[in-house]
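Reader: I would like to go through the strands and helices of this model. Please start with a residue pair in the sheet.

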Number of protein chains: 2
Amino acid sequence: MAELITYFDNASTTPVDKRVLEDMLPYFSEHFGNPSSLHDYGDRAHSALDNARSQAAALIGADEDEIYFTSCGTESNNFALWGIARALKGKGMHIVSSAIEHPSIINPLKEMKKEGWDITQIGVDSYGSVDPDDIKKAIKKDTVLISVMHANNEVGTIQMVKEISKIAGENDIIFHSDGAAAAGIIPVNIKKLGVNAYSFSSQQMYGPKGAAALYLRKGTRIKPLLLGGTQERGRRAGTENIPAIVGFGRACKLAKDEMDKNLKYITGLRDELINGIIKNIKNVKLNGHRTRRIPGSAHISFEFIEGESILLMLNMKGILTASGSSCASQALKSSHVLTEMGLSPTLAQGSISFSLGKFNTREDVKRTLEVLPPIVERLRKMSPIYKEE
Amino acid sequence: MAELITYFDNASTTPVDKRVLEDMLPYFSEHFGNPSSLHDYGDRAHSALDNARSQAAALIGADEDEIYFTSCGTESNNFALWGIARALKGKGMHIVSSAIEHPSIINPLKEMKKEGWDITQIGVDSYGSVDPDDIKKAIKKDTVLISVMHANNEVGTIQMVKEISKIAGENDIIFHSDGAAAAGIIPVNIKKLGVNAYSFSSQQMYGPKGAAALYLRKGTRIKPLLLGGTQERGRRAGTENIPAIVGFGRACKLAKDEMDKNLKYITGLRDELINGIIKNIKNVKLNGHRTRRIPGSAHISFEFIEGESILLMLNMKGILTASGSSCASQALKSSHVLTEMGLSPTLAQGSISFSLGKFNTREDVKRTLEVLPPIVERLRKMSPIYKEE
């Protein structure tokens with residue numbers, strides 16, 4: 001590995017903040033009890049769980065008893081889709097979603113289709129934005145659930161969630177939003193957003209892996225995905241992962257307390273990176289919405305060359321990025337998000353996602369702006385489709 | 001809390017071994033990458049995942065590509081039941097299980113019954129043992145799955161898994177066993193046991209919460225429970241909880257390497273505790289099988305008094321135990337396991353599970369034998385149903 005590392009893959013996962021890890025440490029070998037136990041160690045674990053629940057609720061403006069802890073964002077999304085759809089099966093079986101959702105929404109919907117649910121997936125414009133009017137038009141008499149993500153994990157576009165909530169509410173339809181790429185990064189107030197259900201996750205906000213949550217507005221019907229003990233008020237069985245949940249709670253608190261500072265800092269770095277790339281490299285295209293976007297996202301297509309090659313050459317220089325979304329990147333297929341946005345396959349495959357976070361520095365941006373142009377130039381010289389202007 | 005703590009609730013959860021925690025620590029803030037990422041940090045996380053998989057496989061004598069990581073034992077059990085049953089739906093819908101399974105088996109089966117599956121639950125004898133002949137008799141033409149736990153989490157009885165495997169194999173039925181209370185505690189060799197699927201978990205073997213596994217014999221059909229990315233060869237989506245999985249791997253290795261020593265040590269302590277209780281307190285009953293039992297289990301009924309009261313008074317003296325199983329204990333209902341074993345409701349409710357582990361000492365046993373008799377005596381004096389002999 002290179003000596004100096006620039007980590008620009010924060011959308012995929014973030015390092016655990018040292019303050020978060022410090023909070024977690026006593027819960028492994030010392031306060032290790034099972035919250036369901038009736039003795040003091042159980043009590044202690046239960047208090048830690050309550051505290052984390054209140055921190056997670058506070059981040060999104062929810063009540064504590066509206067938060068259900070799960071093991072990851074994927075579980076929260078699967079729980080929301082299967083759980084709500086099964087609970088409402090008697091009412092109707094039509095679900096509306098978007099075509100640029102995370103695989104943990106796309107793939108359950110594919111399976112649900114096989115099992116008889118009727119699924120409508122709305123397309124997006126060239127900025128990756130869902131038009132709320134398209135949602136409205138897709139609604140049928142038996143639509144029971146809408147699921148549209150809050151922010152896209154690849155290109156960073158923030159969806160018009162409030163507008164979609166309004167439409168859902170007027171039509172008495174449950175609205176779930178996947179907030180894994182938004183919560184902890186941009187301000188989220190569940191009551192203002194108006195959603196009924198909201199997934200969010202620890203590992204993208206400097207908390208540990210192994211903890212996430214599903215917000216469910218009081219009164220929302222859902223069937224459990226994991227059945228067993230009575231944990232999470234009977235809605236998610238399994239011994240609670242206390243150290244991870246404690247860390248998630250602290251990460252939520254830190255994200256809330258330091259939101260303004262981080263937003264300003266990360267947006268500044270990102271703009272510096274984007275402007276530098278556009279200024280120094282020809283034939284590049286910035287993807288995603290220009291204003292409705294999360295602060296750390298700089299998703300750029302480099303014409304004539306392969307994103308994978310850029311990624312690997314940047315990696316050799318200690319600059320860590322993503323091409324496509326990490327959950328699908330092992331598959332080496334073109335991103336479904338970019339395809340839906342209308343990017344040509346070659347442009348889509350020439351894309352790199354630089355996702356910045358609070359631990360990045362001006363130095364990271366400077367190094368990238370030094371290292372990237374010669375890499376792109378070298379790859380273009382080797383490209384059979386490149387024509388120098 | 002009392003100054004000196006005796007933790008006798010190891011069946012509920014165990015403290016993380018310091019050596020395990022040490023292995024985990026670098027994966028929170030330093031080697032924090034997402035294994036799906038293509039850069040060096042992704043690689044590093046992926047290697048850690050591979051290493052843990054090989055450690056988990058080695059513990060139970062499986063091949064690496066037969067291990068699927070999940071978030072907890074409950075998830076492994078739900079995954080096995082739903083996944084295998086759904087995959088085999090076309091072949092038949094009858095499932096055989098036992099009446100003393102963990103709630104993470106019992107409750108999914110209850111739900112499956114509602115959804116049209118035909119479920120037969122076999123009773124047990126007074127030692128909590130399932131008779132393999134009863135399994136054989138329960139098999140129908142359309143039986144596709146048998147699920148019987150390896151060791152019972154409450155009373156410690158080890159089931160005749162090999163014999164049940166033989167019956168399952170002869171009838172071409174998939175056999176799943178919940179090994180959460182067995183793996184890492186007693187020697188487990190999946191090939192000798194002959195099962196097709198086996199759940200096991202980190203948090204009962206001095207590993208962290210948040211990691212567990214499902215062993216699936218090569219060629220066993222299963223549908224994923226969590227859909228999304230291509231993690232775990234497409235069978236369990238969601239970013240892998242690397243620190244917890246690393247810890248689970250190390251816990252498996254330690255359990256394997258130190259099995260003989262721990263078995264001997266814990267069995268010795270347990271027998272000392274049981275003999276001391278029987279010698280010093282009248283009207284007690286040791287529950288569970290006399291020989292086919294896990295080493296740490298001392299499950300005892302105290303006539304005429306309430307287990308909850310004993311638990312709470314022991315807790316005041318710093319001795320932490322369980323009454324009923326912890327997953328259900330918040331519900332304050334009589335244990336279904338004891339009821340199935342034919343214990344009278346009053347005897348069942350007068351039960352305490354002392355579950356010993358490798359960190360317990362002779363001193364723990366000594367203190368308990370000092371503290372317990374006067375507690376039992378005091379409670380019996382207050383009991384309206386107690387008659388002194």
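Author: This is a predicted model, in which local features need pLDDT of at least 70, side-chain atom pairs count only at pLDDT 80 or more, and totals for chains, interfaces and linings use all residues. Residues are numbered from 1 along each chain as its sequence is written, and chains are lettered from A in the order in which they are written.

Reader: Which residue in E7(A) is the bridge partner of Asp178(A)?

Author: Strands are DSSP runs of E, at least two residues, and helices runs of H or I, at least four, numbered from the N terminus. Two strands pair if DSSP finds at least two bridges between them. E6 (residues 174-178) and E7 (residues 197-201) of chain A pair in the parallel sense over three bridges. The partner of Asp178(A) in E7(A) is Ser199(A).

Reader: Why is one side of E2 and of E4 in chain A left without a neighbour in the sheet?

Author: The open sheet of chain A has seven strands with mixed pairing, in the order E2-E8-E7-E6-E5-E3-E4. E2 (67-70) and E4 (118-122) of chain A stand at its edges, so each has a single partner strand.

Reader: Which residue follows H3(A), with a positive phi?

Author: H3 covers residues 40-60 of chain A. Phi is near 70° in the residue that follows H3(A), Gly61(A).

Terms used. Side-chain values use heavy atoms; hydrogens and water are left out. The expected span of a helix is 1.5 Å times one less than its number of residues.
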